[in-house]
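Student: Please take me through one part of this structure closely. I would like to look at the surroundings of the ligand.

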Amino acid sequence: MINDPDCIFCKIVAGDIPCFKLYEDDATIAFMDINPVNPGHALIVHKAHHKDLFEIPADNIASVTLSAQKVAKAVQTTLKPAGMNLLQCNGSAAKQSVMHFHMHVIPRHIEDGLTMNWELVQGDLDKIGALAERIRGIM
Ligand code: 5GP
Ligand code: ZN
């Protein structure tokens with residue numbers, strides 16, 4: 001599996017830094033974003049390191065997308081948001097900050113004020129962990 005020792009998501013994949021894991025299969029892992037723009041904000045990555053949409057192999061992006069759909073359904077059942085964004089930020093101008101391809105699952109609410117470019121604000125880790133438990137429980 002391709003791995004970048006300086007990549008934060010590769011470290012999460014390797015178990016070298018902790019995460020609130022939601023789902024894992026042979027190819028992918030999904031976990032809670034620690035700077036959630038809304039409660040239930042989750043990230044899905046392939047275990048192999050590829051920078052972006054242009055470098056990730058087709059089979060890998062297919063695996064990530066299938067896992068994202070699983071996670072999105074579990075988040076939807078758990079939180080019942082009014083809507084959901086499946087988002088991939090590609091390149092620094094699009095606010096990609098972690099250069100390991102990933103998809104965001106972002107629950108949305110009417111007039112939640114969310115715009116495309118948000119600031120990173122650390123969430124309450126107890127609340128994020130408790131929510132991870134609820135979502136994981138139905139997967
Ligand atoms: P991007 O802007 O690259 O599309 O999104 C990267 C996301 O990774 C951000 O939403 C950020 O909050 C999240 N993130 C960065 N570092 C960590 C980390 O160590 N753990 C977790 N769970 N999320 C992280
Ligand atoms: Zn990586």
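Tutor: A residue is near a molecule if one of its heavy atoms lies within 4 Å of it. This is a predicted model, where local features need pLDDT of at least 70, side-chain atom pairs count only at pLDDT 80 or more, and totals for chains, interfaces and linings use all residues. Residues are numbered from 1 along each chain as its sequence is written, chains are lettered from A and ligands numbered from 1 in the order in which they are written, and side-chain values use heavy atoms, with hydrogens and water left out.

Around ligand 1 there are 17 residues. Asp33, Asn35, Lys95, Ser97 and His104 come nearest. Polar contacts are next (pairs of N or O atoms within 3.5 Å). A side-chain N or O atom of aspartate 33 is 2.5 Å from an oxygen atom of ligand 1. Lysine 95 has a polar backbone atom 2.6 Å from a ligand 1 oxygen. For serine 97, a backbone N or O atom lies 2.7 Å from an oxygen of ligand 1. Taken alone, ligand 1 exposes 520 Å² (Shrake-Rupley method, 1.4 Å probe). The protein buries 90% of that.

Which elements give two or more residues to the shell around ligand 1? They are helix 1 (8-14), strand 2 (28-32) and strand 5 (102-108). Here helices are DSSP runs of H or I with at least four residues, and strands are runs of E with at least two. Helix 1 gives the largest share, 3 residues. By type, the shell holds 10 nonpolar residues, 5 polar and 2 charged. Asp, Glu, Lys and Arg count as charged; Ala, Val, Leu, Ile, Met, Phe, Trp, Tyr, Cys and Pro as nonpolar; the others as polar.

Conventions:
Polar contact = N/O pair within 3.5 Å; in protein donor to acceptor, adjacent residues only side chain to side chain.
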